[in-house]
Amino acid sequence: MAFSSSPARPAMMDSLPGMVQTGALADAADVLEKLMDLPTTAAIAMKIIKIRRWLAPLLAGYQSERNEIVQRYGVVAGEGKFTIAPENVPPYTAALNGLRAEQTAAPPADILMRISEMADTMITPSTVQKIELFIRD
């Protein structure tokens, strides 16, 4: 998958059939990282691990490109933080939205989770929404 931060690309678009936006995968990866510390069934724990393994190579290029966008438009503010000057906000936002809109193949069916299997796991609706592309029921 090629990543490009060209601001000329549409900021956000609907995913094509069988495809998902890379930004949605990045959001799901953040949530899955938090789910790693929640008690759950062994079956769901294994699914989370499989999903994270599937995501890792897909998001390696995304993270690299995202860091490049931050370096291009931002100024380091210390301790892993950065600031964006007001005049750089529009091109920064366009580049980041373009990157998040990149299309990639949807996750394979064998790594999808069933929400019914997560009955004993306490999670918020927001969390479920962010990992929805990995849930099949």
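A residue is called buried when its relative accessible area is under 20%, exposed when that area is over 50%, and partly exposed in between, with a 1.4 Å probe and protein chains only. The model is predicted, so local features need pLDDT of at least 70 and side-chain atom pairs count only at pLDDT 80 or more, while totals for chains, interfaces and linings use all residues. Residues are numbered from 1 along each chain as its sequence is written, and side-chain values use heavy atoms, with hydrogens and water left out.

Side chains of opposite charge can pair when their charged atoms come close. Where a side-chain nitrogen of Lys or Arg lies within 4 Å of a carboxyl oxygen of Asp or Glu, the pair is a salt bridge, and by this rule the count comes to three.

One of them joins aspartate 27 to arginine 100, with the closest N and O atoms 2.7 Å apart. This pair links distant parts of the chain, 73 residues apart, since aspartate 27 sits in helix H1 (residues 22-35) and arginine 100 in helix H3 (residues 89-100); helices here are DSSP runs (H or I) of at least four residues, numbered from the N terminus. Aspartate 27 is partly exposed at 28%, whereas arginine 100, at 18%, counts as buried.

Glutamate 33 and arginine 52 form another salt bridge, at 2.5 Å from N to O. Because glutamate 33 belongs to helix H1 and arginine 52 to helix H2 (residues 42-73), the pair ties together parts that are 19 residues apart in sequence. Glutamate 33 is partly exposed at 42%, and arginine 52 is partly exposed at 31%.

How values were computed
Helix = DSSP H or I, 4+ residues; strand = E, 2+ residues; numbered from the N terminus.
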